[in-house]
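Thanks for coming, everyone. Let me put the structure on the screen, and then I'll walk you through two places in it.

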Number of protein chains: 2
Amino acid sequence: MDPENRFDEMLKSGNLKSTKHRIAILEVLKGNKIPLSAEDIYIRLKQNNISISLSTVYRVLETLHEKDIVSKVNIPDSNRAVYELHGNEHRHHLLCVKCRKLLAIDGCPLEEYEKLLEDRFGFTVKGHNLEVYGYCNNCAGY
Amino acid sequence: MDPENRFDEMLKSGNLKSTKHRIAILEVLKGNKIPLSAEDIYIRLKQNNISISLSTVYRVLETLHEKDIVSKVNIPDSNRAVYELHGNEHRHHLLCVKCRKLLAIDGCPLEEYEKLLEDRFGFTVKGHNLEVYGYCNNCAGY
DNA sequence: TGTGCAAATGCGAATCATTCCCATTTGGAA
DNA sequence: TTCCAAATGGGAATGATTCGCATTTGCACA
Ligand SMILES: [Zn+2]
Ligand SMILES: [Zn+2]
Ligand SMILES: [Zn+2]
Ligand SMILES: [Zn+2]
């Protein structure tokens, strides 16, 4: 199946209309290993001669995030969010506070912990945000 | 030792001048189990007839955070931060997405995990942000 | 294959937490 | 007490994100 059909299906499964903008945004995300900000995506689309409004980029990302098609990553000590297409894989990132590079970590260390919290606090856990920061191996010596 | 002297020491240990605003902010934080936003603190100070500028509240909180005297908690799906006096204790919180209540969790599940990341990625971990969200026991049935 | 309407989009204005600027005040070392 | 770097006040600026509303478009159904 070609990518566009896969995107159509993803959208349909979320009761979302399949529009060229949504497809285009999904394509940009698919072409990047690194999570992108709304503005990053906006710029890339412009470079591909796709006319779109920045508001629409935000709206689409928000919608896709709600439908759990795209994940939203909050960057520590910043008020920016970045987004990535998750292949059903919940994951986290390492942020280098010096060069600001993001490194994806596969897997999640918190599954057991969430169960523990539910038992201990009678809390129904829906999810969590986790970002780890420090120095990458290039920046380790400061 | 009375609280004010303790605060003086905390500030001195961070090479910070001991000012009435800093002390007042530390006192507000000390009087609250729940983390407070800059504006929360600002309002409480006003109620206590303490004249202060909101900018100063932000600056003081930022400074105390840098010196590791106060911890900064990012609220999921919001661009607000809240702050708390940590008694040397690194901790996390459960956020109820319905009533927006925050519940403190003692301890941290990530110590081992950070070591693992250092080994696996050659990354020097400095810290992490973790917030867990879901429904508290009052809101569990939606 | 055309119609209708809810959903999606464009675009500029608005929001809102936070930061910045710069003139004034203040803590505390000497 | 003097003096200066550090801290503060207050208002403007910032910057990411959201909102309002007019216009367009996908797509279910006839
Ligand atoms: Zn780096
Ligand atoms: Zn996780
Ligand atoms: Zn609740
Ligand atoms: Zn922790």
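H3(B) and H4(B) are oblique to each other. Keep in mind that this is a predicted model. How do we get to oblique? The axes of H3, residues 38–47 of chain B, and H4, residues 54–66 of chain B, cross at roughly 125 degrees. Perpendicular stops at 115 and antiparallel starts over 145, so an angle between those counts as oblique. The two axes come within 9 Å. The crossing of H3(B) past H4(B) is right-handed.

Which residues meet there? From H3(B) we have Ala38(B), Glu39(B), Ile41(B), Tyr42(B) and Leu45(B). They meet Leu54(B), Val57(B), Tyr58(B) and Leu61(B) of H4(B). Eight residues of this contact are nonpolar, one is charged and none is polar.

Now to DNA strand C. It has 19 residues around it. The closest are Thr19(A), His21(A), Arg22(A), Thr56(A) and Tyr58(B).

H2 of chain A and H4 of chain B each supply at least two. By type, the surface has nine polar, six charged and four nonpolar residues.

Asn79(B) places a backbone N or O atom 3.2 Å from a sugar or linking oxygen. And Ser55(B) has a side-chain N or O atom 3.4 Å from a base nitrogen.

Notes. Residues numbered from 1 in each chain as written. Chains lettered and ligands numbered in written order. Predicted model: local features only at pLDDT ≥ 70, side-chain atom pairs only at ≥ 80, totals over all residues. Heavy atoms only, no water. Axes fitted to C-alpha atoms, helices over the stretch in contact; angles between N-to-C directions. Helix = DSSP H or I, 4+ residues; strand = E, 2+ residues; numbered from the N terminus. Parallel < 35°, antiparallel > 145°, perpendicular 65-115°, else oblique. Left-handed = near helix turned anticlockwise from the far one by under 90°. Contact = heavy atoms within 4.5 Å. Nonpolar A, V, L, I, M, F, W, Y, C, P; charged D, E, K, R; others polar. Near = heavy atom within 4 Å. Polar contact = N/O pair within 3.5 Å; in protein donor to acceptor, adjacent residues only side chain to side chain.
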